[in-house]
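The stops below run from the whole chain to single residues.

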Amino acid sequence: MRFLRMLTNALLAGALGAAYLTILLLQLNPQVPLASGSVWRWYLTLAGFYGVHLALLFYVLMLLREFVSFGAFSPGWISVRLLAWLSATAAAVASLLMWLNLRGFPNLFDEEAARRFAFGAGATTVAAVVLLGIAVAHYSSGRRGSRVGAALLAIAITGSLALPAAARGAGGEPRLGGRRVTLASPPQRATARIVLLLLDGASLEYVWPRVAASRLPNFGRLLDSGALMDLATIRPTQPDPVWAAVATGMYPAKNGVRSASSYFAPGDERAVDLLPSHCFSHILVRLGVVRDRPNTSAAWRTRPLWSILTDYGISAGIVRWPLTYPAEPLTGFMVTDRFHQLVGSMFEFDGRAAYPDDVVAVAREAFAGTGPAAADVVAASARRDEAYARAARDIGATKPVDVEAVRYQAIDAASHIYMRYAQGGGFGDVTVAERERFGPVLDRYYAYVDAEIGKALERLSPGDLLLVISGFGMQRVDPVKHAAARLLRDPELSGTHENGPDGFLLAYGSSVRPGRKPRGSIVDVTPTILYYLGVPIGRDMDGYARADVFNDAFTSARPITYIPSHGR
């Protein structure tokens with residue numbers, strides 16, 4: 001019977017741990033109303049996974065204690081002494097997770113939400129200390145739980161839940177996005193042309209030694225004769241929020257794009273943007289416990305670069321930029337990031353895969369030339385890179401634009417798998433034969449991008465600007481994550497960007513001042529582009545125009561100008 005009493009206490013502690021995780025989820029998603037069915041659905045979901053596993057962990061610890069103890073361990077059905085220790089442990093872990101998530105996602109919250117989050121984390125930390133004090137007091141006295149002790153424990157547990165929930169607030173829907181500005185007479189624009197090559201997962205640490213070995217000549221040309229800047233990225237380091245920050249010059253707290261997907265608890269239709277970090281929460285998605293849905297262009301709450309340029313009569317050709325589906329009207333053309341999924345289906349012609357309608361046929365021809373579909377995920381990503389790049393060139397030949405942007409994804413896909421073979425050390429299970437066989441794979445994808453840079457350089461005219469931008473870098477996966485990947489039957493995972501490794505910006509053109517510049521941020525890209533084109537910068541943007549990228553002849557003739565906002 002005493003083992004059953006141990007189990008009831010473990011289940012109560014597991015339920016409490018699930019409650020702390022639910023509060024953390026609500027802190028990460030302030031748009032969810034506190035008084036809603038969504039809160040209970042998420043609690044039941046987290047209790048069914050984390051609560052059960054925590055209860056099992058606590059029960060095993062009790063059994064171990066019973067095994068090594070000289071005396072019999074016989075707690076009550078609801079033991080004050082035992083629950084004080086278990087609840088103190090749960091509260092301490094919860095407070096640690098809160099601080100780690102707040103520190104790990106610094107750009108996802110506005111000032112008020114961050115302050116509320118910090119207060120809630122602090123309250124949970126204090127509650128953990130109080131619960132520990134109650135546990136120590138009961139242990140020191142050697143007495144079983146009294147009514148006073150039970151009341152103090154109940155108050156402390158209730159406070160540890162109520163205080164962070166109250167600090168978080170009632171919640172509610174976020175503000176509406178910015179609306180288009182109508183200018184009676186758009187100002188005169190520059191005739192310069194900008195070409196943007198957008199790279200997922202490219203790292204200068206990988207590029208430098210291969211440039212030194214003369215294996216990436218066009219990267220070398222940019223490094224020798226252009227401007228170089230490391231770019232701080234954001235977390236979560238996913239393509240959607242990263243490139244949304246690039247496109248708007250604003251962090252997720254303002255632009256509304258906080259993750260790549262929306263997540264739904266079973267039976268719930270209210271989405272959350274973020275799952276807690278540092279607790280393997282995305283396993284819930286992998287196991288199908290939580291449903292995810294990719295975001296669309298409806299996620300924007302501020303206006304991206306191409307929408308701003310349209311106001312000023314500047315044409316743009318946007319190819320494969322995340323969150324462009326469904327396509328929206330602009331001056332120029334757009335091929336959305338989901339075109340490869342829709343090509344050949346009836347949805348190809350519904351006006352959402354590309355804009356305007358007459359570019360669909362050209363883009364389809366570009367994809368038709370890639371050959372049969374590849375079974376390997378990396379090879380498939382490389383073929384899509386080739387198809388999108390071909391579509392951009394073919395459409396641009398008949399619809400020339402002032403700003404052209406194409407995104408390449410294969411380096412990221414290849415780095416996740418082949419980094420272990422391409423870089424020495426860090427992975428003791430890689431044999432010499434594997435390194436010789438798979439080591440050159442990642443090099444081939446960097447070489448392909450290097451060739452694309454060469455093609456862009458050939459098409460540059462005096463006054464044009466080439467920007468090669470990596471929104472985030474890549475680093476080795478840590479041993480814990482590598483072990484978790486093996487458990488999830490994903491043993492090939494060796495590269496990751498979840499910790500936000502820096503991306504970079506390479507600028508090349510007749511107006512560029514060569515050399516390495518001080519570290520910037522991905523939100524500096526759009527203000528810098530607007531500055532180069534002579535468009536005023538919104539004061540509500542988080543980024544800055546990096547005029548130090550350009551030479552004195554250019555900056556002396558073009559002062560930085562501002563507008564209160566491009567969104568209203």
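The tour begins with the whole chain and then moves to cores, a loop residue, salt bridges and a surface patch.

The model is predicted: local features need pLDDT of at least 70 and side-chain atom pairs count only at pLDDT 80 or more, whereas totals for chains, interfaces and linings use all residues. Residues are numbered from 1 along each chain as its sequence is written, and side-chain values use heavy atoms, with hydrogens and water left out.

**Whole chain.** Colour by secondary structure: the protein chain has 19 helices and 16 strands, taken as DSSP runs (helices H or I, at least four residues; strands E, at least two) numbered from the N terminus. Of its 568 residues, 55% count as buried, that is, under 20% relative accessible area, with exposed meaning over 50% and partly exposed in between (1.4 Å probe, protein chains only).

**Cores.** Select Phe219, Phe339, Ile453, Leu466 and Val468, the residues with the most contacts inside the largest nonpolar core, which has 60 residues. Another core, of 56 residues, lies apart from it and includes Val257, Phe472, Val512 and Ile522. A core here is a set of buried Ala, Val, Leu, Ile, Met, Phe, Trp, Tyr and Cys residues joined through side-chain atoms within 4.5 Å.

**Ile234.** Next, select Ile234 in the loop between β2 (227-232) and α8 (239-248). Ile234 counts as buried because its relative accessibility is 1%. Beyond neighbours within four places in sequence, its contacts (heavy atoms within 4.5 Å) include Asn107, Tyr251 and Ile522. Its C-alpha atom is separated by 8.2 Å from that of Pro106, 128 residues apart along the chain.

**Salt bridges.** The whole structure holds 20 salt bridges, each a side-chain nitrogen of Lys or Arg within 4 Å of a carboxyl oxygen of Asp or Glu. Show Arg193 and Asp464, whose side chains meet at 3.9 Å, N to O. Arg193 sits in the loop between α5 (147-168) and β1 (194-199), and Asp464 in the loop between α16 (432-458) and β9 (465-470), 271 residues apart. Then show Arg407 and Asp200, bridged at 2.8 Å, N to O. Arg407 lies in strand β8 (residues 403-408) and Asp200 in the loop between β1 and α6 (204-212), so this pair ties together parts 207 residues apart in sequence. Both Arg407 and Asp200 are buried.

**Surface patch.** Finish with Leu4, Leu7, Leu11, Leu12, Trp77 and Ile78, a nonpolar surface patch with about 570 Å² of accessible area together. Patch members have over 30% relative accessible area and no salt bridge; like charges are joined within 9 Å, nonpolar side chains (Val, Leu, Ile, Met, Phe, Trp, Tyr) within 5 Å. Areas come from the Shrake-Rupley method with a 1.4 Å probe; for residues, only the protein chains shown count as cover. Leu7 lies in helix α1 (residues 2-28).
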